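Morning, everyone. Please bring up the structure on your screens, and we'll walk through it together.

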Amino acid sequence: MTDDSFPVLILDTSAFFISIPVTGKIMTVPRVIAELKDLKGKARLEVLLSQGLIISEPDQKSLMIVRNAATKSGDGSVLSETDTDLLALAFEVHGVICTDDFALQNTAQHLNIDVHPMMQKKAEMRIWRLRCSGCGKYYDIMPADSLCPICGLQVRRKNK
């Protein structure tokens, strides 16, 4: 049974491995379900489905908005497709993301999406820059293989 006075909770994969209490409408994306391989995760899925869990794909417009925000925040190179889907769904339904993933939390904050950490403290909002660890060149997007095309060393995220 759901209660409309509570926000829509968008569940990250980690929510299926711990027993957090959920009240109200709960949602996730198909990629999260595909990541559930062990018995504990699948059992938790069954419990959440019985509580009304909705599995939904985000639309392309929301995905594009999330990818742009992730690029601006500097998290684009570390967010998985699952993370991007979760953010897009939360953006669409004005939901609260339940996650301990710091990059996901950071991009959510840049999109004004509420975050509910489960076992960690809430991440502080940051803007990351991509910088070569060798020659110091800054990049707008992560080069192929995370290697600097100028000197060949690792490009890393650096707090702006």
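Start with Asn-112. You'll find Asn-112 in the loop between helix H5, residues 102–110, and strand S5. Keep in mind that this is a predicted model.

Now, is Asn-112 buried or exposed? Its relative accessibility is 73%, so Asn-112 counts as exposed. The cut-off for exposed is over 50%.

Next, His-94. His-94 sits in the loop between helix H4, residues 81–93, and strand S4. Phi of His-94 is positive too, near 55°, and His-94 is a residue other than glycine. Relative accessibility is 70% here, so His-94 counts as exposed.

How do S4 and S5 pair? In the parallel sense, over two bridges. Strand S4 covers residues 96–98. Look at Cys-98: its bridge partner in S5 is His-116.

Now zoom out to the sheet. How many strands does the sheet have? Five, and the sheet is open. Read the order with me: S3-S2-S1-S4-S5. The pairing is parallel.

Which strands stand at the edges? S3, residues 54–55, and S5, residues 115–116. Each has a single partner strand, so one side of each is left without a neighbour in the sheet.

So, back to where we began: the loop holding Asn-112 runs between H5 and S5, and S5 is one of the edge strands. Thanks, that's my part.

Methods
Residues numbered from 1 in each chain as written. Predicted model: local features only at pLDDT ≥ 70, side-chain atom pairs only at ≥ 80, totals over all residues. Heavy atoms only, no water. Pairing = 2+ DSSP bridges. Helix = DSSP H or I, 4+ residues; strand = E, 2+ residues; numbered from the N terminus. Buried < 20%, exposed > 50% of the residue type's maximum accessible area, 1.4 Å probe, protein only.
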